[in-house]
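Hi,

As promised, here is the structure we talked about. Have a look at it first, and then read on for my notes.

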Amino acid sequence: MLAEHERQHIFRPRIERTVQRCEIALFNNKYFSGLLEEFNGEVMHVAYDIHDAQRVWVHHPDGRFICAAELGA
């Protein structure tokens, strides 16, 4: 059985985006996290909630969770 937070990560849609200066652009919004600094220029998998645009969840292509980036932070 998966925990609730694990189920949420599995079922969110994901899209590939490139990190630019700690930001990720998605659907005309910009999301920021200082934890993305070391991944500048790299393509990441970005999970999002279709009902809540306040944050996105950034994963490395190998599946590791990196951070939650905030809208307009």
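Below is what turned up, grouped by topic.

One thing to keep in mind throughout: this is a predicted model.

Let me start with the charges. The search of the whole structure gave 3 salt bridges. Arg-55 takes part in one with Asp-52, at 3.8 Å from N to O, and in another with Glu-70, where the N to O distance is 3.4 Å. The Glu-70 partner sits in strand β6 while Arg-55 is in strand β5, so this pair ties together parts that are 15 residues apart in sequence. How exposed are these side chains? Asp-52 is partly exposed at 28% relative accessible area, Arg-55 is partly exposed at 29%, and Glu-70 is partly exposed at 30%.

Then there is the salt bridge between Asp-62 and Arg-64, with 3.0 Å from N to O. Here Asp-62 is exposed, with a relative accessible area of 52%, whereas Arg-64 counts as partly exposed at 45%. As for networks, shared partners join Asp-52, Arg-55 and Glu-70 into one.

Another charge worth a look is on Arg-12: its charged end sits over the ring of Trp-57, 3.6 Å from the ring centre.

Now the aromatics. Across the whole structure the search finds 1 aromatic pair. The partners are Phe-27 and Tyr-48, arranged edge-to-face, with 5.2 Å centre to centre and 80 degrees between the planes. The pair links distant parts of the chain, 21 residues apart: Phe-27 comes from the loop between β2 (23–26) and β3 (29–32), and Tyr-48 from strand β4 (residues 43–49). Tyr-48 is buried, because its relative accessible area is 17% and the cut-off for buried is under 20%. Phe-27 has a backbone feature too: its phi is near 50 degrees, a positive value in a residue other than glycine.

Which other residue has a positive phi although it is not a glycine? That would be Arg-21, at about 55 degrees. Arg-21 lies in the loop between β1 and β2 and is exposed, with 72% relative accessible area.

Cys-22 is in the loop between β1 (14–18) and β2 as well, but Cys-22 is buried, with a relative accessible area of 13%. Leaving aside residues up to four places away in sequence, Cys-22 touches Tyr-31, Phe-32, Ser-33, Gly-34, Leu-36 and Glu-37. If you want one of those contacts to look at, take Leu-36: Cys-22 and Leu-36 are 14 residues apart in sequence, yet 4.7 Å apart in space, C-alpha to C-alpha.

His-60 is another loop residue to check, found between β5 (52–59) and β6 (65–71). Is His-60 buried or exposed? At 17% relative accessibility, His-60 counts as buried. What does His-60 touch, not counting residues up to four places away in sequence? The contacts are Phe-39, Glu-42, Met-44 and Ile-66.

Last, the surface. Leu-2, Ile-10 and Phe-11 make a nonpolar surface patch of about 340 Å². Of these, Ile-10 has its place in helix α1 (residues 4–11).

Cheers

Methods. Residues are numbered from 1 along each chain as its sequence is written. This is a predicted model: local features need pLDDT of at least 70, side-chain atom pairs count only at pLDDT 80 or more; totals for chains, interfaces and linings use all residues. Side-chain values use heavy atoms; hydrogens and water are left out. Patches are made of residues with over 30% relative accessible area and no salt bridge: like charges are joined within 9 Å, nonpolar side chains (Val, Leu, Ile, Met, Phe, Trp, Tyr) within 5 Å. Accessible areas come from the Shrake-Rupley method with a 1.4 Å probe; for residues, only the protein chains shown count as cover. A salt bridge is a side-chain nitrogen of Lys or Arg within 4 Å of a carboxyl oxygen of Asp or Glu. Helices (H or I, at least four residues) and strands (E, at least two) are DSSP runs, numbered from the N terminus. Rings of Phe, Tyr and Trp (its six-membered ring) pair if their centres lie within 6.5 Å; planes under 30 degrees apart count as stacked, over 60 as edge-to-face and the rest as tilted. Buried means under 20% relative accessible area, exposed over 50%, partly exposed in between (1.4 Å probe, protein chains only). A charge sits over a ring if NZ of Lys or CZ of Arg is within 6 Å of the ring centre and within 35 degrees of the ring normal. Contact means heavy atoms within 4.5 Å.
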